[in-house]
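The tour moves from a pair of helices to domains and then to a chain contact.

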Amino acid sequence: MIAEIGLAALWLAAALAVLQMVSGVMALRVPEGEAAPLAIYTRPAAILQAFLAVLSFALLLYAFAITDLSIKLVASNSHSMKPLIYKVTGTWGNHEGSMLLWVGVLAASGGLLAAFEKRLPERTMGATLAVQGFVALGFYAFLLLSSNPFERLPVPADEGTGLNPLLQDIGLAFHPPTLYAGYVGLSVAFSLAMGALLTREVNPSFARVMRPWVLGAWVLLTLGITAGSFWAYYELGWGGWWFWDPVENASLMPWLAATALMHSVSVLAARDALRTWTIMLGVLAFSMSMLGTFLVRSGVLTSVHAFAVDPERGSFILALLGLYIGGAFTIFALRAGAVAEGKRFAAASREGALVFNNLMLSAILAIVLLGTLYPLLTEAFDVRVSVGPPYFNPASAIFAIPMLLVMAVGPLLRWRADRPARIQFEILLIAAVVIGAIALVSFFGSYPLLPLLGLGLAPALAVAAVLPLRGRNLRRVPVATWGMVLAHFGVAVSLFGMACEGAFTEERLAAVAPGGTEQVGDFAVTLEGVAPVAGPNWTAIEARLAVRQDGGKPVILTPQARSFWSPPQATSESALLTKWNGQLYAVIGNRAEDGRWQLRLWWKPFVTCIWYGGILIALGGVLAIAGRLRVDIKRRRAAVRGAGRRADLEALQPLPVPAE
Amino acid sequence: MKNRFLLWVPLALFAFFAGLAAYMLTQEKDQFVASTMIGQPLPDFALDPAFAGLPGAAKADFLGGQPRLLNVWASWCLPCIAEAPQLEALKAQGVEIIGIAIRDRPEDVANFLGRYGNPYSRIGSDRISEVQLAIGSSGVPETFVIDAKGVIRYQHIGDIRADDVPVLLAELEKAK
Amino acid sequence: MIRPAVLAALALLAVVLPGPLGAQDTMPPAPYAYQQLDDPKLEAEATALMHTLRCLKCQSQSIADSDAPMAGDMRHQVRSRILAGESPDQIRAWLIARYGDYVSYQPEVNSITWPLFAVPVLVILLVAGVLLRRLGKRRSDGGEAA
């Protein structure tokens with residue numbers, strides 16, 4: 001019954017998406033202020049649809065939890081011997097389940113928007129929800145017509161085939177839903193942008209509605225990318241944390257667009273500038289989300305992370321992509337010319353710095369997009385090329401370094417117009433730290449250019465991040481400003497980690513006999529022995545490594561080479577020893593014929609900063625949301641309280657200038 | 001003055017991408033990396049016998065007489081089992097096949113040949129994929145047509161199916 | 001309960017990484033596949049080179065971070081050739097002669113890859129243009145929209 005209820009809920013939700021779309025369009029067709037007869041259904045349809053889609057997903061979760069082998073999806077992706085946690089997380093470790101999660105989150109965010117957002121004019125809201133319903137409808141069609149997650153087997157299977165062992169990992173189990181929620185959060189930004197464009201309501205109040213969605217999506221994307229990078233670091237067994245792989249790039253591109261959008265929407269909210277640009281980024285950010293889904297799901301690009309690849313599904317997603325993104329860019333091209341230019345500003349101003357950084361982020365996005373898709377282009381002419389880290393690193397650094405420098409001073413500038421001379425002390429301080437750090441590092445050794453620049457920039461950015469707090473009463477600094485300070489500080493921390501990893505990593509690869517000792521960094525690593533161990537659905541050989549730092553007390557590390565039997569696949573479980581100043585990374589490899597074992601050891605100074613930085617950035621985003629929401633709630637309360645005294649208030653407070 | 005032309009740029013770029021992606025989806029996904037050594041002479045090599053029953057293989061073994069096949073294979077490779085009958089068929093047509101066993105053990109090689117037949121005149125043992133890398137082969141099994149001057153003329157990637165046999169015979173004929 | 005001996009046997013089987021078809025050799029890796037060169041300078045050269053060579057059996061991985069046996073054999077080639085006195089560029093050229101540009105991640109400008117370098121330059125010009133237009137016109141504040 002579970003499967004049937006789930007499927008019915010999905011069909012009903014699809015029907016409601018149609019209703020939501022139609023009634024949203026009705027709202028659009030009557031002038032503002034007049035009630036359209038059908039328009040009243042928009043919000044209830046969105047809310048009910050959210051409930052049904054979430055219900056459908058919950059039922060699939062349940063089917064996976066109890067390993068209902070009469071459902072094809074469960075039988076082909078789960079296994080009764082798997083730990084419960086991976087049974088549940090296996091729900092989205094496959095194509096159908098992850099697409100259901102996609103629409104579940106999409107519908108849920110549409111429902112939240114419909115239920116709680118009362119600030120927008122009804123027509124804009126109607127248009128927004130219509131777009132949201134239209135997007136959801138495409139994905140319902142996709143699920144119901146080509147990837148039904150609830151399909152039954154004619155005869156229930158005796159046992160499931162299991163889940164890709166690489167996915168049986170707690171880090172990766174929660175990484176896709178986080179990323180998906182981020183991707184889908186951007187769909188709300190997209191719908192709002194389209195709604196505002198259609199109703200010509202691109203103004204600060206629209207930006208204030210859009211901002212928490214962009215921030216929320218951006219926080220989730222940041223966390224998702226951070227988690228994904230950490231997963232690649234410890235699960236792939238070679239100590240790399242970013243491979244510029246197509247799938248990684250697919251998650252990075254929406255993040256870059258969302259980062260730019262988040263800043264430009266703030267400019268729009270605060271200063272009523274960058275209107276067209278914000279709309280453009282809103283469309284672009286969601287395009288990148290859908291493009292990411294397309295690249296991951298269609299298999300047009302080869303990737304280490306491509307888990308569920310099917311060209312037919314690829315065509316369906318491509319059709320959706322063409323419909324939504326092609327449609328959005330067409331409307332953009334037709335309508336954006338009619339959006340009046342916002343307020344103007346000087347080059348040396350907060351807006352000026354934000355525009356600069358927006359352009360740099362977009363340039364990096366263009367480079368990543370080009371590098372990711374270029375092999376696809378040459379393959380069309382039967383030539384295969386490889387675009388990898390040696391291209392992406394320098395090409396993105398060309399834009400990242402100026403961006404980081406401007407990021408350091410931007411928050412110190414005033415809105416609209418400022419004199420650089422006013423902040424000359426800060427500029428000199430930042431420049432001194434950059435030059436000092438580079439000189440100091442160069443004094444101790446010669447390192448590659450990019451890590452060296454990173455080591456120079458990181459401390460300067462850390463100092464610059466807290467400079468906006470200088471001379472302010474810390475208790476009166478708005479929460480959102482703390483968010484910015486924290487996020488910018490996180491960028492410095494993360495950059496420091498990347499630069500240290502690039503400059504100072506020490507590597508030791510060796511064949512070691514039991515009892516033998518290898519030296520890496522300050523650590524002496526002794527292979528005490530190797531023994532077999534067993535888990536619920538795997539066996540492994542486990543090395544016992546005694547690690548001594550400068551002859552101190554030994555710490556035991558136990559890296560494993562695991563072998564899963566359903567499906568048969570091997571993974572290396574690296575063992576990490578975390579110190580305040582870095583991580584020792586140990587992997588056990590094959591046994592040589594002479595009885596020695598392959599050990600791979602790395603000492604990676606401050607590598608953990610990469611992910612701590614990512615978490616700080618996300619936390620900064622959370623603070624920004626909290627701060628904005630608090631202000632919004634205060635405003636709403638004030639508006640309610642002030643309802644009686646509206647006349648007085650209006651007399652005191654000039655109305656905001658309406659958008660032309 | 002807003003430049004209206006610029007507003008169409010995103011759509012144009014997107015249309016270009018969508019067209020490209022749609023085209024690529026219709027294309028057979030070719031995962032093979034072809035050797036760029038076609039038309040080049042074989043590099044010098046001399047490999048030890050892969051097992052006691054047959055001599056090893058060296059570049060000199062390809063020189064003179066008729067064009068030959070160079071079969072890169074391994075006893076641990078499942079598709080190699082599938083192509084064994086086709087190699088037998090080629091041998092029956094009078095083709096000399098010289099094998100290069102990749103990362104293999106003598107007992108495994110002997111075992112494999114005992115079970116699936118022995119179409120080879122010689123098998124060299126390439127324990128560290130040295131010759132495989134030198135001729136631009138990126139997997140097992142792969143079959144190269146080598147002419148009597150020792151020049152690589154043709155590469156077949158993957159196991160030889162029944163309908164590949166005439167193709168290989170034609171290539172051998174061309175290499176004469 | 002699985003008996004320890006069986007477990008040990010299973011675990012030893014586990015040492016072998018099964019490939020896509022479950023087929024994989026059981027041979028020990030080539031000498032320099034997992035063994036560093038003694039000279040740290042040469043090893044650094046080799047590592048830098050390996051990070052820019054593509055593992056042909058894997059997807060989007062360099063031979064420096066892959067467990068595939070073929071990647072190991074390629075690492076052996078790189079290290080032993082470096083040891084024999086070849087330069088990284090010679091080794092790269094040797095591999096490109098066999099597998100084409102696909103084997104190298106090192107960006108090189110040629111008739112196929114030029115857009116990879118032209119586009120960043122174009123983007124720089126575009127960005128500079130936009131910045132000049134948007135930010136350079138403060139004198140005409142309040143004038144026509146850009």
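Start in chain B, where helix 3 passes helix 6 in a right-handed crossing (the near helix is turned clockwise from the far one by less than a right angle). This is a predicted model: local features need pLDDT of at least 70, side-chain atom pairs count only at pLDDT 80 or more, and totals for chains, interfaces and linings use all residues. Residues are numbered from 1 along each chain as its sequence is written, with chains lettered from A and ligands numbered from 1 in the order in which they are written.

Select residues 78-92 and 164-174 of chain B. The axes of helix 3 and helix 6 of chain B come within 10 Å and cross at roughly 40° (axes are lines fitted to C-alpha atoms over the stretch in contact, and angles run from 0 to 180 degrees between N-to-C directions). Helices are DSSP runs of H or I, at least four residues, and strands are runs of E, at least two, numbered from the N terminus.

Now show Gln86(B), Ala89(B) and Leu90(B). They meet Asp164(B), Val165(B) and Leu168(B) of helix 6 (contact: C-beta atoms, placed from the backbone, within 7 Å).

Next, colour chain A by domain: domain 1 (1-164), domain 2 (419-504 + 609-652) and domain 3 (506-605). These bounds come from an automatic or database domain assignment. The centres of domain 1 and domain 3 of chain A are 44 Å apart, taken over C-alpha atoms.

Last, show chains A and C. Their contact takes 55 residues from chain A and 46 residues from chain C. Helix 12 of chain A gives the most to the chain A side, with 11 residues.

Notes. Contact = placed C-beta atoms within 7 Å.
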